[in-house]
Amino acid sequence: MNPHNRPDEGRLAPRLIEEITRLADSPMRLMEVCGTHTVAIFRSGIRSMLPPGVELISGPGCPVCVTPAGEIDRAIALSRREDMILATFGDLMRVPGSSSSLQEERAQGRAVRVILSPLDAVKIAEEHPDKTVCFFGVGFETTSPAIAAAVMEAQRKGCNNFYLLSSQRLIPPAMRALLSAGKVNIDGFILPGHVSVVIGKAPYCFLAEEFSLPGVITGFEPLDILEGIYLLLRQRKEGRTEIEIQYSRVVQKEGNPRARGIMGEVFAPVDARWRGLGTIPASGLALRDGFSQMDATQAFDLPLQDIAETPGCLCGEVLQGLVRPPECSLFGTRCTPEDPVGPCMVSTEGSCAAYYKYGRGNEG
Amino acid sequence: MKDKRITLSHGAGGRLSHDLIEEYFVPCFDNDPLRALDDSAVIPVQSGQANRLAFTTDSYVVKPLFFPGGDIGRLAICGTVNDLAMAGARPLGLTASFILEEGLSLEDLKQVLVSMKGAAAEAGVAVVAGDTKVVEHGAAEGLYITTAGIGQIPDNVTITSAQAKPGDAVMVSGPIGDHEIAVLMARGEFSLQGEVESDCAPLNSLVQAMLKVCPAIHSLRDPTRGGLATVLWEIAQASGKGVVVEEGAVPIRKEVKGVCDLLGFDPYYLANEGKLVAFVPEKEAAKVLKAMQKHPLGKEATVIGKVTLGNPGKVLLHTPIGGHRLLEPLSGEQFPRIC
């Protein structure tokens, strides 16, 4: 009746906290790269349990948050076309472009559909042969194999009214960019377990080898996260710097070669712009030549504008872990989940939304 | 009636309107005040120790009109009966106003009316007055219903959100979130399939059973839109007290939790249509809980928390791992996340 979490977590969590407290003899700043971790940390109240020396900083791992406004504008432009059905993930509905959002477009009668699986977009295309259906595909390595599978499915079925507007991004290049910029002060990474289900461990090894920073590939249950933090502290205590897998019940060291195979068959890495981080080499995914007839950027006239951030919005700094959301002067005043200024307040997994929803007066 | 669908003529006030009412509405809601078909229904008031009236209204729009565990008609009866019940009132009569979309099938209308009849019978209340209007095709989605209800409050009962007192036990009458997840699945938008049924039910007899053992219940709310979190927060705000909830004690069905995990939804914000939250004086808690658990609609009732002097106006959630966080009211709409 209460499937909240694991039955033994009430017993195990205090023991992990005790170990963490014992090992936290000097300050340690850990970045949880992924928004799913940020939300899980807040929901489970982990921040309220950690010793003062262990600080958690939210990173750039929210796909909605790092999508530049110009790319949202392109999706909006598509949704305004005659006979267009634009399908996308729910998180994107409220993200402000330069002058509108997909939610506002839907309110004005545009056909914008929220879907859970990219395959649903192919289904919509099949059901509406007289319409043009475009899937606005945003996401990281967790989502890309499913988007690739949908593209292959559309091709197999000969769906010539299906298009993809790809805004996919890759996590490891962003972390390299973050560290290369040299502004962020971090002692270790809590790495997203579901990304490694696909990519495995190897793409993170540069963190330890080139930047001497430890990382633990971590699951999303409260006990997983506590154990991830514990393993990072233990590495420091034992003088090790490596990438460990906490989430071994799900993650294989080599990831999922088959999923990567599908991704590689359909997509090629391209340079991509990230909000806050700028253009990062080989950090995005575009359709390969064999699939380019489905590429919305080639099929439609979709110029990509460079949209300036709203003055005062610190989403860029928040995404790099340089400031905490409450340090932004717009936080909770001009920028709220009901009326967001920046993307970090929009997505359920954005750091600002998580701080707003779970974090106010809730730390320590 | 030859037409199988609602047309604008059904709303023109002429013979077709009359026939619609005589053939569909009156036989279904059959009761003396309605049958009179006068401009107002006249209903008797029970004399005695109930000198205050509760009076409420609500509009119902839901897509799809029919979903597992209920439909718009059942919702329209239960919602208003429950609003009366949360004031401790015994319902005296309901009114129902219908906005029908041109093209609505009469078969669907009939099914909704029969469902309303059934829900009203469960609640022991009659729909004593009503109205219908027809709008052009495309101006509504099938049908919308507005119900209003009036009820009498026993003199020894005073239930308001402001009355929560430190020490009060906080109870829910059963697992949360069923209604919203059932409707979400019935929409079929997310290709989700499952066995979750809406909890849509009239709670007045459950409330009467609770008041029978404890007329001094401080606060009662039905956590509809905005869910448990919003109702608890509103009571904390209205009373100026704190509320502490043990997350591990909040009942949630496995299927509902599963969908929430998948979509990134927080179950505390999901709508319910047949659940209540009660704030009961500490000493009376065991008695009230027992009375709830004996009632078919309260079998899974449980204590989830208590009222505190500290943290006034706030709801603090104790997590199973020993941490805590604030439960804030719902802001905006919950959208499914990406990964």
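In which sense do β9(B) and strand β12 of chain B pair, and over how many bridges? They pair in the parallel sense, over 4 bridges. Two strands count as paired here if DSSP finds at least two bridges between them. Strands and helices are DSSP runs, numbered from the N terminus: E over at least two residues for strands, H or I over at least four for helices.

Before I go on, this is a predicted model, where local features need pLDDT of at least 70 and side-chain atom pairs count only at pLDDT 80 or more, while totals for chains, interfaces and linings use all residues. Residues are numbered from 1 along each chain as its sequence is written, and chains are lettered from A and ligands numbered from 1 in the order in which they are written.

Back to the strand. β12(B) covers residues 315-318, and its L316(B) is the bridge partner of V244(B). β9(B) also has 4 bridges to strand β11 of chain B, residues 302-308, and that pair runs antiparallel. There, V245(B) stands opposite G305(B).

In a regular strand the side chains alternate between the two faces of the sheet.

Now chain B as a whole. It has 9 helices and 13 strands, and 51% of its 339 residues count as buried. The C-alpha atoms fill a box of roughly 65 × 60 × 30 Å along the principal axes.

Chain B is divided into domain 1 (8-153) and domain 2 (161-326), with bounds from an automatic or database domain assignment. Their C-alpha centres lie 27 Å apart. The contact takes 23 residues from domain 1 of chain B and 20 residues from domain 2 of chain B; contact means C-beta atoms, placed from the backbone, within 7 Å. On the domain 1 side, α3(B) gives the largest share, 9 residues. That side divides into 14 nonpolar, 5 polar and 4 charged residues. Nonpolar is Ala, Val, Leu, Ile, Met, Phe, Trp, Tyr, Cys and Pro; charged is Asp, Glu, Lys and Arg; the others, Gly among them, are polar.

Chain A next. It has 14 helices and 11 strands. Its radius of gyration is 21 Å, close to the 21 Å that the globule rule gives for 364 residues, so chain A is as compact as a globular protein of that length. Of those 364 residues, 54% count as buried.

Chain A is divided into domain 1 (27-313) and domain 2 (315-356). Their centres, over C-alpha atoms, are separated by 18 Å. Domain 1 of chain A puts 30 residues into the contact and domain 2 of chain A puts in 21 residues. On the domain 1 side, α2(A) gives the most, with 5 residues. By class, that side has 16 nonpolar, 9 polar and 5 charged residues.

Last, contacts between residues at least 6 apart in sequence: 85% of them in chain B join residues at least 24 apart, and in chain A the figure is 76%.

Note on methods
Two residues are in contact if their C-beta atoms, placed from the backbone, lie within 7 Å. A residue is buried if 20 or more other C-beta atoms lie within 10 Å of its own, exposed if 12 or fewer, and partly exposed in between; C-beta atoms are placed from the backbone. The radius of gyration is taken over C-alpha atoms; the globule rule is 2.2 Å times the number of residues to the power 0.38.
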